[in-house]
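Student: Could you walk me through this structure, one step after another? I have not looked at it before.

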Amino acid sequence: MPGKINIYSWNGVNVDKNDIQLEDGDLRKAQNATRDPLGAQGSMRKRAGLTKHNSIAAAGAIRGAVSLPLTKPSTRKFVAGRYTGSTAGWNTSTDDFVTSVTTGGPDGYSASATPRLPANIWTNFASADDRQRAFSGRPLVTYKNRIYYAGNDYTLNTTAPTIRVYDGTIDYVLTTIPYSPDVGVQSLGILNMITANGKIYLSTYDGGSYAANTVKTRIFEVDPDSGATAQIGSRFPITPETARVPYALAWWYGRLWCRTYTGGVTATSKTYFIRPGIDDDWTLDNTSAGTLTCSDMFTFQGQLYFACIADTAAAVVRVRNTTGTYSTSKTAALDEGGGTPVMSDFGAYNHFGTLILFSSSLYVSYFNKNAADTNRYARIYKYDGTSWTVVYSPAANATTAVPFHFALVHNSKVYFVSAPSSDTGVTHNVIVSSSDGSAWTDVTTVLDDTSTNTLGIVTS
Amino acid sequence: MPFSLVQGGSSLQTLDTSGTLTTLTLPTGVTIDTSTRPRFAIYGRYVVVVNSPTRPITVDPEGVVRVLTPRPPRTKPVASAVAGGSLTGTYEGIKQSFFVNDSDGNTISESGMGPPTLSISPSSQAIQLAGIDVSTDTISGSRFYRPATNGTTLFKWFDIEGNTQTTVMDDLADASLELVAAPELGNPPDLVLVAEFRERLWGRSRIDPDYLRYSEAGKMYAWPTLNKLLIPRIGSSERGITGIISRRDSLIVGRETVLYQIAGSGRLTFATVKIKENVGIESSDSIVVYRDVAYWLARDGVYSMDEGGKITCISDNKVRNWFNSDTYFNRSRFQYAVGGVDPLRNKYILLLANVGDSDENRWVEYNITDGTWWGPHKTDAFTPVYVTNILDSNSLSIPVICSTTGFVYKEQSTRTDDTATAIDFDVDGKFHDGGTPDIEKVWGQPTLISKIQAAGTLTITPKVGGLDASAGTAISATMTLGREVLRRIGVGRFMQMNFRHTTAAQDVELFGLEQPFFELGSR
């Protein structure tokens, strides 16, 4: 009797049934054979080949692996403020300033979305001394991969200053600074911004004159999600001071700290703190805090450090410990030894500029223009908790011998950003960076001479 | 771009979509046992790694590796009343913890609390703490908790950044303490298993295998000692808990021979409910949850738990013999089996040790769509040790097999392993009997229908006779034809064919086979 077996359905392996009870399409073994639904469903096909994903072997047998649906940053977009002639804008780099920056801002910026100009505040906030233009504020912070910055899209004395946010795609106004009752006009601009406690804290310049000791300032807390904005404590100046107002801000010990400014470099400054949400007003800190004005404050190893400004004496870094005692941690020396250029003398407003924590050490910039106004010196100091060393010190009057007044750590690198121009005929458009705190790369001409202290980074 | 985290030797490395490896820096004092398999859980933006590291660690998308929880303070701070404050009353049991913040200032880890201070009674003074401990781990700072005046419940008091200060003071009034009592904290044990379920991490300690430990909700780092559940029967096996299955709406915990479900929503209500006796989890690494269906290897086969909670042995009636005899695999290594899923082909993949071998060097696959089993597969290009998925540049999940030599192998359309190793396609069909096993037959010329390939020859080796028939003369089938009538097979009651192809870079795709026969009769 004739018969025929037609197998057009391969059933896979069955090793449980005996040979008689198996179906015609059953297999006893299917080594490297499979049913492939990717265009070959129903047939029996040799399995796909296997090729190396990594061309270089891992450090040993791969005992386990897991994949993450999270984006490991592959693009890092650096944006720095710029100002050319009457045109404000941004310099943008996506290769860490290896190649030339692009101008005009990255995609997503509106034409009006530019960082506020230092001229908006320094004309009255600082004195006419070029040196003081270094104190143009730090009106930008990076928080949760967004750049929050003081915008320039307001009319001085007419409309309210803006706080804008750029998330790498779009740029919009997060909040505005309310009218200032002290001066009867709109606030003039933002001085400093920090992030802490899940918030943004910023100080404003509301009006008044540095020279006349009539500057008015407020400090605000901004919710970075909602833009909700609330004044923190009273408007400055506050008792016992009558003229000085906050410049630098810091978060430490669960408190927001500020130190006052104006009235001249030798004027007595004071430190205040407040516990946002707990205290109604600012508390004057230890009355023996010293008199020096500072340009920045920062927390390091549980203590609060002050980058101070001096006149013709050596500038210092002060520190407040956890029990309220102030002391001097570092005094700048004309000759720091080693290969550090020796300074001729301390000029007015020689100062420690900005503080940053990097790789478990405290870094602080320093700038001095000698009394004769002929030599500029810049340094970056490192403090590891035990000793201070100079880790960056260009030659006098070098292109990088500029005041650095903004610092940022990102992706295991530290960046120091120069302050706006303070010297007629001398450009100060520099960013220097380092991945080890020893070798520094300078990126000249990234900034424009009157750019404000802004550098932000968003990743995607 | 997405990336993967691999344990290569004693290193943790990230692997990007182009195959570039970057070695991560481990926390000080943490090492990885090269012979131990890591276990992972994804919690928020962090990967938690346990078992192979000497302490549980986390890895963030930037590749920063941290301990899951810093060790708690070891010493008792010395509390004293000092001038300069406004506190009056008795304060007892002030405690310190260590915390870690991310770059945005969010607390991402906090240790358990250290020993409490002795009672202190300031009178319009501040409280000073001296001799506070510093951490041996990398931390952001210390956090202090104190009770309200004359109270016992701790509230967050203040933070001090850094890891060097040994003296602090503060006079924060009671009314300014945080309104919510101090969180429950605690350090995780030396975890060998870990899973994430409902914003908690769940795990099993290396030295306490009968208890299921779990973290506080929303805090992967907080493991209070009270957060543990006994999984019965205590002491009944050396291995204790052998697997944790985290499904959409249920957490399953298994021993070798029993399964429990965790019921409840918090410490006061958590309870174990036995859901299956005589079915357990043999290998925790074999567990895969795909489309809310769990697959795992038990002692006697592969099981699934479907969306409704029904537990089924999916290997029974087909390949039970794989798992219940010593013919196919080294059953003593079943506890090391590794499971994975091929989302492209909808398959569950199980890596097993060949009989007599001590590496998981074979793999079988279960077609989830049609319930068929395929394999055991092997490769001569490398020795597999792990199977998992990685994300490609389109963020699509693809299956990969990891090797002892440190390479991750992904599929390629070319039927070659590595660069030049042929894939040994070796298939045995059944002993066909035409429905009449007692009747001698003439097995005529079969027709092979296949996909037309560019090149290649398939070797078909028939066996004709009884069930103990020997292999006959091989037949060559040309893969370039699409249809080929082969030579006559022979005479016998049964006929079986072996299909084999061992040439590199050549594909085989068989649509079907038609085998005519003519019954001769029976003796």
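**A tour in questions**

Tutor: Let us begin with one residue: Arg198(B) is partly exposed, because 13 other C-beta atoms lie within 10 Å; a residue counts as buried with 20 or more other C-beta atoms within 10 Å of its own, exposed with 12 or fewer, and partly exposed in between, with C-beta atoms placed from the backbone. This is a predicted model, in which local features need pLDDT of at least 70 and side-chain atom pairs count only at pLDDT 80 or more, while totals for chains, interfaces and linings use all residues. Residues are numbered from 1 along each chain as its sequence is written, and chains are lettered from A and ligands numbered from 1 in the order in which they are written.

Student: In which loop is Arg198(B) found?

Tutor: Look at the strands around it; helices (H or I, at least four residues) and strands (E, at least two) are DSSP runs numbered from the N terminus. Arg198(B) is in the loop between β15 (191-197) and β16 (200-205) of chain B.

Student: Is Leu396(B) buried or exposed?

Tutor: Leu396(B) sits in the loop between β31 (384-391) and β32 (397-403) of chain B. Its C-alpha atom is separated by 9.2 Å from that of Pro343(B), 53 residues apart along the chain. Because Leu396(B) has 12 other C-beta atoms within 10 Å, the residue is exposed.

Student: What radius of gyration does chain B have?

Tutor: The C-alpha atoms of chain B fill a box of roughly 110 × 45 × 35 Å along the principal axes. A compact globule of 523 residues would have a radius near 24 Å, by the rule of 2.2 Å times the number of residues to the power 0.38, with the radius taken over C-alpha atoms. For chain B the value is 31 Å.

Student: How far apart are the C-alpha centres of domain 1 and domain 3 of chain B?

Tutor: Domain bounds come from an automatic or database domain assignment. For chain B it gives domain 1 (78-176), domain 2 (282-411) and domain 3 (425-521). Between the C-alpha centres of domain 1 and domain 3 of chain B the distance is 81 Å.

Student: What percentage of the residues in chain A are buried?

Tutor: Chain A has one helix and 35 strands, while chain B has one helix and 44 strands. In chain B, buried residues make up 48% of the 523 residues. Of the 460 residues in chain A, the buried share is 54%.

Student: What is the strand order in the open sheet of four strands in chain A?

Tutor: Two strands pair if DSSP finds at least two bridges between them. In this sheet the pairing is antiparallel, and the edge strands, β15 (189-196) and β18 (229-231) of chain A, each pair on one side only. β15(A) and β16 (residues 199-205) of chain A pair over seven bridges, with Ile200(A) as the bridge partner of Thr195(A). The order is β15-β16-β17-β18.

Student: Which strand gives the largest share of the side of chain A that touches chain B?

Tutor: The contact takes 83 residues from chain A and 120 residues from chain B, where two residues are in contact if their C-beta atoms, placed from the backbone, lie within 7 Å. The largest share of the chain A side, seven residues, comes from β7 (residues 62-68) of chain A.

Student: Which residue stands opposite Arg45(A)?

Tutor: Two bridges join β5 (residues 40-46) of chain A to β44 (residues 509-521) of chain B, and these strands run antiparallel. In β44(B), the residue opposite Arg45(A) is Glu509(B).
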